[in-house]
Amino acid sequence: MRGDLRRRPSIFRALGGNEPPAEVEAGGRMWKLSEIFKHDSWAATALYGTDQEAIVVKFNRHHPIYGFPMGWLAARETRAYTLLAGLTGIPESCGEVLVRGHRWSNAFAHHYIPGHPLAKGERPGPGFFDELEALLHDMHARGLAYMDLNKRENVIVSDDGSPVLVDFQIHIGTGKRYQKAPALGWLIRQLQAGDLYHFNKLKLYHTISPEAAARLPIPWPSKLWRVIYVHPVQWLRRRLLVALKVRTGEGLALSELEPEKAVRLARTNRHQSESACPSPPHEPDHQG
């Protein structure tokens with residue numbers, strides 16, 4: 001199957017033509033590369049481990065896009081994990097990431113919590129969504145809007161059945177200071193309401209049905225975000241990757257070499273399901 005997969009051109013990879021380094025230092029320890037979770041335009045995310053433990057290192061895009069600097073991405077993620085430190089369901093930060101003794105300003109590391117991305121059609125155990133909702137409220141109380149809960153692969157089902165949230169690349173977080181700024185406070189509250197909408201949609205999808213989730217009223221910030229960003233950018237990105245022969249058909253990531261791990265798991269499950277199904281019997285040609 002791997003031979004049929006296509007790699008993105010370097011310009012559409014966070015590390016260009018490079019791969020994540022074979023070894024990094026974080027938290028005062030050395031870690032060896034174990035698995036690349038994804039490598040797209042914005043970040044390369046990889047698992048690093050020792051014999052006993054593992055960490056996740058995210059190498060954010062560093063070089064500019066058409067002159068627009070991108071070095072701020074890792075700093076944003078670091079601030080988010082600092083703001084949310086101590087919350088159950090948020091991995092603990094590992095501090096600075098060094099490669100061959102030099103600090104990589106575009107990299108961020110956190111401890112690995114064993115589990116898997118929430119899969120399409122999966123029904124997590126009792127209490128999973130209650131815990132996830134409590135985590136969201138705790139995050140909101142610290143002045144952060146997550147803004148990425150529409151991607152179910154950002155929700156990790158840990159091996160003990162509890163929820164874990166990762167990927168804070170597009171969050172907005174100001175801490176409790178926003179309460180002193182009425183306009184900013186209003187904006188944060190609107191975005192946090194969007195988090196709760198996506199949570200309720202996710203919960204309905206995974207506990208009742210996709211149809212029930214689709215009937216949920218969409219708040220206006222989510223509608224606006226879809227119109228001005230999600231739909232046009234997603235359409236353009238998919239069409240561009242199809243034109244470059246990285247993807248096929250409607251531009252989904254099924255033919256891409258290093259998409260999100262959730263996509264790769266879905267792709268593997270699909271191929272296993274197809275190989276387990278016997279071929280249909282040959283039907284005689286009645287047309288002569």
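Visitor: How many salt bridges does the structure hold?

Guide: Six salt bridges. Keep in mind that this is a predicted model.

Visitor: Which residue does Arg13 meet in a salt bridge?

Guide: Arg13 pairs with Glu19, at 2.8 Å from N to O. Side chains of opposite charge can pair when their charged atoms come close.

Visitor: OK, and what does Asp167 pair with?

Guide: Asp167 forms a salt bridge with Lys58, again given as 2.8 Å from N to O. Asp167 sits in the loop between strands S11 (163-165) and S12 (172-173), while Lys58 belongs to strand S4, so the pair links parts that are 109 residues apart in sequence. Asp167 and Lys58 are both buried.

Visitor: Which residues are joined with those into one network?

Guide: Glu77 comes in too: salt bridges with shared partners join Lys58, Glu77 and Asp167 into one network.

Visitor: And what does Glu96 do?

Guide: Glu96 forms a salt bridge with Arg103, the closest N and O atoms being 3.3 Å apart. Glu96 is partly exposed, with a relative accessible area of 48%.

Visitor: Switching to the sheet. What's the strand order?

Guide: The order is S6-S5-S1-S2-S3-S4-S7, seven strands in an open sheet with antiparallel pairing. The edges are S6 (102-103) and S7 (107-111), and each of them pairs on one side only.

Visitor: How many bridges hold S5 and S6?

Guide: Two bridges, with S5 covering residues 97-99. In S6, His102 is the bridge partner of Val99.

Visitor: What packs on that sheet?

Guide: Helix H1 (residues 72-83) does, touching strand S4 (54-60) and S7. The direction of H1 makes about 30° with that of S7.

Visitor: Back to S1. Which of its residues are on the covered face?

Guide: Val24 and Ala26 are on the covered face of S1 (residues 23-26), with Glu23 and Glu25 on the uncovered one. In a regular strand the side chains alternate between the two faces of the sheet.

Visitor: And what does S1 form with S2?

Guide: A hairpin, with two residues between the strands; Gly27 in the turn has a positive phi of about 60°. S1 and S2 (residues 29-39) pair over four antiparallel bridges, and Glu23 has Lys32 as its bridge partner in S2. S1 also pairs with S5, over two antiparallel bridges, where Glu25 stands opposite Leu98.

Visitor: Now the inside. How many residues are in the largest nonpolar core?

Guide: 25 residues, and those with the most contacts inside the core are Ile90, Met139, Val155, Leu165 and Phe168. H1, H2 (128-141), S10 (155-158), S11 and H3 (182-207) each supply at least two residues. The largest share, six residues, comes from H2.

Visitor: What is Ile90 in contact with?

Guide: Setting aside neighbours within four places in sequence, Ile90 contacts Tyr81, Leu84, Leu135, Met139, Leu165 and Phe168. There's also a second, separate core of 15 residues, which includes Ala26, Ala44, Ala46 and Cys94.

Visitor: Last one: how far apart are the end C-alpha atoms of H3?

Guide: They are 37 Å apart, which agrees with the 38 Å that its 26 residues should span at 1.5 Å a residue. The buried residues of H3 include Gly185, Ile188, Leu191 and Tyr205. Among the elements covering the buried residues of H3 are H2, S10, S12 and helix H5 (220-243).

Definitions and conventions
Residues numbered from 1 in each chain as written. Predicted model: local features only at pLDDT ≥ 70, side-chain atom pairs only at ≥ 80, totals over all residues. Heavy atoms only, no water. Pairing = 2+ DSSP bridges. Contact = heavy atoms within 4.5 Å. Axes fitted to C-alpha atoms, helices over the stretch in contact; angles between N-to-C directions. Salt bridge = Lys/Arg side-chain N within 4 Å of Asp/Glu carboxyl O. Buried < 20%, exposed > 50% of the residue type's maximum accessible area, 1.4 Å probe, protein only. Core = buried A, V, L, I, M, F, W, Y, C linked by side-chain atoms within 4.5 Å. Expected span 1.5 Å × (residues − 1).
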